[in-house]
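Please prepare a briefing on helix packing and nonpolar cores for the model shown below.

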Amino acid sequence: PVLRGARSQQDVANEATALAITTLDRTDLVTVIAFESNHHIIQPLERNHDPVRTAQRVRAISPNGGTNLYPAMDAAATMLAEADATVKHVIVLTDGVSLGDPMDGIEIARRMRNDGITLSSIAVGDGADLPTLERLAAEGGGAFYAVSNPNTLPRIFIKEIR
């Protein structure tokens, strides 16, 4: 539970993401990739024609264990490199330490930046790998947030998505 409440950290993260998606224009491109041991495309990269449906998909994400961030970052980089968009931005949200070598993630962040894609990272909770997430954001040209109170996530997400 978050701050002695009934909601889990996953629920708070899902809600923050869903709210941010509903603030996007219907012409904006959006994709959502969930990751645990494997990554799953929750929302393929497409125009935000139905933000309510996308928000419902995000709210249904459940934790399944494991943190394997770098393949999800790579998938996002590949999708966005080919996208016809003026602004290309990835927001990474995690409460853990990723499997694999952090240098893999840093190389992906550098490649993203070279391809005109920025990357911001949000570390939630005490178990997140703060140094790596901070470096990913720095290499990706984005912002880094260390969140101790997950209830602040909606504000951070909306700031980043804009």
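The axes of helix 4 and helix 5 (axes being lines fitted to C-alpha atoms over the stretch in contact, with angles from 0 to 180 degrees between N-to-C directions) come within 8 Å and cross at roughly 20°. Helix 4 and helix 5 are therefore roughly parallel to each other, a label given to angles under 35 degrees. This is a predicted model, in which local features need pLDDT of at least 70 and side-chain atom pairs count only at pLDDT 80 or more, while totals for chains, interfaces and linings use all residues. Residues are numbered from 1 along each chain as its sequence is written, and side-chain values use heavy atoms, with hydrogens and water left out.

**Helix 4 and helix 5**
- Contact (heavy atoms within 4.5 Å) is made by residues including Ile106, Ala109 and Arg113 of helix 4 and Leu136, Ala138 and Glu139 of helix 5.

**Largest nonpolar core**
- A nonpolar core is a set of buried Ala, Val, Leu, Ile, Met, Phe, Trp, Tyr and Cys residues joined through side-chain atoms within 4.5 Å, where buried means under 20% relative accessible area with a 1.4 Å probe, protein chains only.
- The largest such core has 24 residues, of which Leu69, Met73, Val90 and Leu136 touch the most other members.
- Among the elements giving two or more residues to this core are strand 1 (29-35), helix 3 (69-81) and strand 3 (88-94), where helices (H or I, at least four residues) and strands (E, at least two) are DSSP runs numbered from the N terminus.
- Helix 3 gives the most to this core, with 9 residues.

Methods:
Buried means under 20% relative accessible area, exposed over 50%, partly exposed in between (1.4 Å probe, protein chains only). Angles under 35 degrees count as roughly parallel, over 145 as roughly antiparallel, 65 to 115 as roughly perpendicular and the rest as oblique.
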